[in-house]
Amino acid sequence: IINGIKKYFPEFKTGITYTTRTKRKSLVEDKVMRHISEKKFKDKIRKKEFAEWAFANGNFYGTEAASLQKLIKKNNVILNIESIGAFQIKKKYPKDTILIFIKAESMEESINRADHRQKLSPGEFLAREEKTRQELKASKKYDHIIINKKGELDKAVNTILKIMKTC
């Protein structure tokens with residue numbers, strides 16, 4: 001979805017995401033990812049180097065504050081982040097933040113998409129299911145909710161583009 005939006009709004013930039021997640025060999029990321037150790041990540045938290053961060057699906061994720069600040073001064077920015085991080089960003093930049101929650105048409109489809117990206121163990125599957133429930137509950141606090149149906153990516157992108165054009 002991010003790449004689809006950037007096709008129409010190339011001026012939109014993405015922040016730098018740090019993660020403790022292992023790099024996926026077959027996945028093309030929709031953002032700049034820096035893979036670091038948990039120790040280094042926690043050190044960055046302690047030094048307040050993240051604009052937002054969250055622990056999700058067994059890994060830490062965070063958007064680097066310094067690079068985000070530079071981007072915000074000259075560009076519109078789009079972030080693909082967990083709800084916890086989204087609410088941190090909204091709190092720091094309330095007038096400049098629009099929260100758009102993108103969800104699959106069902107819980108089952110959401111889990112299937114995660115499993116397709118990276119085969120999940122039974123434990124990971126259950127954890128992902130619980131995380132999806134938490135995210136869906138948090139979505140009620142978003143400004144917009146978009147359903148990204150399987151095979152209808154263009155429709156989801158166009159819906160988001162309409163929202164962006166009115167802001």
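## Strand pairing

In this predicted model, I16 stands opposite V32 in β2. Strand β1, residues 16-19, runs parallel to β2 and is joined to it by 4 bridges; pairing requires at least two DSSP bridges between two strands. Strands (E, at least two residues) and helices (H or I, at least four) are DSSP runs numbered from the N terminus.

The open sheet has 4 strands in the order β2-β1-β4-β3, with mixed pairing. Its edges are β2 (32-35) and β3 (50-56), each of which pairs on one side only. From one strand to the next, the twist averages 20°.

## Nonpolar cores

The largest nonpolar core comprises 12 residues: I2, I5, F9, F12, I78, I146, A156, V157, I160, L161, I163 and M164. Such a core is a set of buried Ala, Val, Leu, Ile, Met, Phe, Trp, Tyr and Cys residues joined through side-chain atoms within 4.5 Å, where buried denotes under 20% relative accessible area (1.4 Å probe, protein chains only). Helices α1 (2-8) and α7 (153-165) are the elements that give two or more residues to this core. The largest share, 6 residues, comes from α7.

L161 touches I5, Y8 and F9, leaving aside residues up to four places away in sequence; contact means heavy atoms within 4.5 Å. A second, separate core has 6 residues, among them Y18, I36, F50 and F60.

## Basis of the values

Residues are numbered from 1 along each chain as its sequence is written, and side-chain values use heavy atoms, without hydrogens and water. Local features need pLDDT of at least 70 and side-chain atom pairs count only at pLDDT 80 or more, whereas totals for chains, interfaces and linings use all residues.

Conventions
Buried < 20%, exposed > 50% of the residue type's maximum accessible area, 1.4 Å probe, protein only. Axes fitted to C-alpha atoms, helices over the stretch in contact; angles between N-to-C directions.
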